[in-house]
Every structure is written in C-alpha cells, then in structure tokens.
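Here is a walk through a two-chain model, from each fold to the places where the chains meet. Have the viewer open as you read.

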Amino acid sequence: MSWVLFILLAVVTLVGGVGVVATRNVVHAALSLLVSLLAVAGIYLILFAEFLALVQVLIYGGAIIIVLLFAIMLTRSSEYPRISDNRQWPIGLVAAVGLLAVLAASFWISQHQSAGPESPALGNLANSLFTRWAIPFEVASLVLLVALIGAIIIARTGEDEG
Amino acid sequence: MVPLVYFQLLSAALFVIGLYGVLARRSAVLVVMSIELMLNAVNINLIAAAAHLGYRSVGEVFVHFDGQIIAIFIITVAAAEVGLALAIILRMYRNRGTVNVDEIDLMRW
C-alpha cells in the first residue's frame, strides 16, 4: 500500500518537474510546478511530516505559485514562447544526467537499514522549534522582513525616489 | 515500508530536473521555477532522513525533528527568494524590456 502510494506520488512529482523544464508555454510550466509541489506534499505525508505537508500546500501551492503567476502576468507573457532554450542545453543535459548518476550511485552504495519512518508528535516538533531552534527561528523572521523591504525598494517606480 | 534510499533517489531525480532547467532555460521566471524544484528535492531528502533516522534524543532535546525544522527554514527562505526574484524580474523587465537572461549581460566581461 505504501509502495503504491510512493510510486504514484513519485511519478506525479517527476512528470510535473519534467513539465516545468520541457514545456514551451510558461503558464503551463507554472501549473506543472503546482502539480509537482502538491505531489511532494503527499510524499511528506508518507513520511509522517503532516505539518510540513500543510505548510507545503499553503506556502508553495498558495503563495509561491501565485507570486510566480504575478511575475508572468506583469511581464509580457506573449514574449515567452519566443524565448527558446539555451543553445548549450545538450551540455546542461549531460551535466544533469552525470550528476544524477553520481548521486544515485552514492545513495545506493551508502544505504543502510533503518527501522522505517516514525511518526513524531507535533507538540515535540513545536518544543524543539521554540527551544533549541529559537534563535534561527527569529533570524528567519528577520530574513523575511528584510527580503520584503528589499523587494518593495527594488520594484517600486523611480518617480518617488529620494 | 519504503526504504530511505528510494526517497533519496526521488530527491536526486527531482534535483537534476531542476538543475537542467536552470542550465537550459532562458526565461528568468522559468529559471526561478527550476530553483524551486531543486529546493523541494532538498526538502524531500531532509524529511526522509528525519523520518528514517530513528527516534534519538540528546539530553533533553529531540534530534529526531532537526530535518523537519531545517525544511521549515528552507521553505521560509524559498518564500523570501521568490518575492525578491519577482521584484528583480520586474525591474529587469522595466529597464531592459526583456526577461531573457542571455540578454542581461551588462556585467559580462
């Protein structure tokens, strides 16, 4: 049962990913990315990371896809079909396949037996996040604030500068 | 149960798909999407390792969740990155009239 779910979700994830890098239409690429990200949320559920699955659907499925669609719509989307792939795409393909071979071989060689996924209680996750990881957590909120201010300053029109 | 190595293989496959997208695509928005794929591949890896490494605790704290917590931070940084990328793409489009990354070669030597 777990295998069926895993294979199904893995196939959907990879097909969505290939859709992002292979399709001509940039809006279709964004929708393929959405499919892939939601399948990844399913994979988190197999791994008993319920909170991460929820966050994945909310932030990736909701916020990030919408922001990307905004970027597509605010720039001239009619230009996108004419932007072909890079001329060096065969070299990129070779590099990607080579890296896949190296990663797959090293994962395969270094595998070891484990007891199988366990289900952590959400309360323990929260305890860990707000005690041992409290300072990185605050720094992450600072990063979000700085990124937001930076985005506003970069994107605003020049008339009211100064 | 599905062994850890299959999750790692899935993560490697998703990562190289994203890598190919970054190397081959010329539209800035598509490059950002490919980066999102790579970040998700890393998250799968982290969460799979966190779930499979077993319940261990060091003193009073639970090392078991560290993978999940780092994944939360990666999602946070990804959100910030997409917001900044949108701003940069918009500015680039306004200044140069294109989002083709090959034409943005002002700093090329």
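## Ground rules and chain A

Two residues are in contact here if their C-beta atoms, placed from the backbone, lie within 7 Å. With that cut-off, take the contacts in chain A between residues at least 6 apart in sequence: 50% of them join residues at least 24 apart. Keep in mind that this is a predicted model.

Chain A is built from 6 helices and 0 strands, so its pattern along the sequence is simply α-α-α-α-α-α. Out of its 162 residues, buried ones make up 25%.

## Chain B

Going along the sequence, you get α-α-β-β-α. Of its 109 residues, 52% count as buried. As for contacts in chain B with a separation of 6 or more, 51% come from residues 24 or more positions apart.

## Where the chains meet

How many residues of chain A are in contact with chain B? The count is 74 residues of chain A, against 66 residues of chain B. On the chain A side, the elements giving two or more residues are α1 (2–22), α2 (26–46), α3 (50–74), α4 (89–109), α5 (122–131) and α6 (134–155). That side of chain A divides into 56 nonpolar, 15 polar and 3 charged residues.

## Two helices of A against α1(B)

Two packed helices are described by the angle between their axes and the distance between the axes. For α4(A) and helix α1 of chain B (residues 4–24), the angle is about 165° and the axes are 9 Å apart. Angles over 145 degrees count as roughly antiparallel, and α4(A) and α1(B) are therefore roughly antiparallel to each other. The crossing of α4(A) past α1(B) is right-handed. On the α4(A) side the residues involved include W89(A), G92(A), L99(A), L103(A), F107(A) and W108(A). They meet a set in α1(B) that includes V5(B), Q8(B), L9(B), V16(B), L19(B) and L23(B). By class, the contact of α4(A) with α1(B) has 19 nonpolar, 2 polar and no charged residues.

From α1(A), the contributors include F6(A), T13(A), L14(A), G17(A) and V21(A). From α1(B), they include Y6(B), L10(B), L14(B), I17(B) and G21(B). The contact of α1(A) with α1(B) splits into 13 nonpolar, 4 polar and no charged residues. A13(B), Y20(B) and A24(B) are among the α1(B) residues that meet α4(A), and they are also among those that meet α1(A).

## The nonpolar core

In soluble globular proteins, nonpolar side chains tend to be buried together. In this model, the largest nonpolar core has 69 residues. Which residues have the most contacts inside it? They are A30(A), Y44(A), L68(A), V29(B), M33(B), I44(B) and I47(B). At least two core residues come from each of α1, α2 and α3 of chain A, and from each of α1, α2 (28–52) and α3 (66–96) of chain B.

Y44(A) is worth a click. Leaving out residues up to four places away in sequence, Y44(A) touches A49(A), L52(A), A53(A), Q56(A) and, over in the other chain, I47(B).

## A few spots to check in chain A

Most residues other than glycine have a negative phi, and most peptide bonds are trans. F48(A) isn't a glycine, yet its phi is positive, at about 60°. You'll find F48(A) in the loop between α2 and α3 of chain A. Is F48(A) buried or partly exposed? With 17 other C-beta atoms within 10 Å, F48(A) is partly exposed; 20 or more would be needed for buried.

S84(A) sits in the loop between α3 and α4 of chain A and counts as partly exposed because it has 13 C-beta neighbours inside 10 Å. S84(A) and A39(A) are 45 residues apart in sequence, and their C-alpha atoms are 28 Å apart.

V97(A) belongs to helix α4 of chain A. V97(A) also counts as partly exposed, with 13 C-beta neighbours inside 10 Å. From V97(A) to I152(A) is 55 residues in sequence and 39 Å in space, C-alpha to C-alpha.

Key: Residues are numbered from 1 along each chain as its sequence is written. Chains are lettered from A and ligands numbered from 1 in the order in which they are written. This is a predicted model: local features need pLDDT of at least 70, side-chain atom pairs count only at pLDDT 80 or more; totals for chains, interfaces and linings use all residues. Helices (H or I, at least four residues) and strands (E, at least two) are DSSP runs, numbered from the N terminus. Ala, Val, Leu, Ile, Met, Phe, Trp, Tyr, Cys and Pro count as nonpolar, Asp, Glu, Lys and Arg as charged, and the others, Gly among them, as polar. Axes are lines fitted to C-alpha atoms, for helices over the stretch in contact, and angles run from 0 to 180 degrees between N-to-C directions. Angles under 35 degrees count as roughly parallel, over 145 as roughly antiparallel, 65 to 115 as roughly perpendicular and the rest as oblique. A crossing is left-handed if the near helix is turned anticlockwise from the far one by less than a right angle, and right-handed if clockwise. A residue is buried if 20 or more other C-beta atoms lie within 10 Å of its own, exposed if 12 or fewer, and partly exposed in between; C-beta atoms are placed from the backbone. A nonpolar core is a set of buried Ala, Val, Leu, Ile, Met, Phe, Trp, Tyr and Cys residues joined through C-beta atoms within 7 Å.
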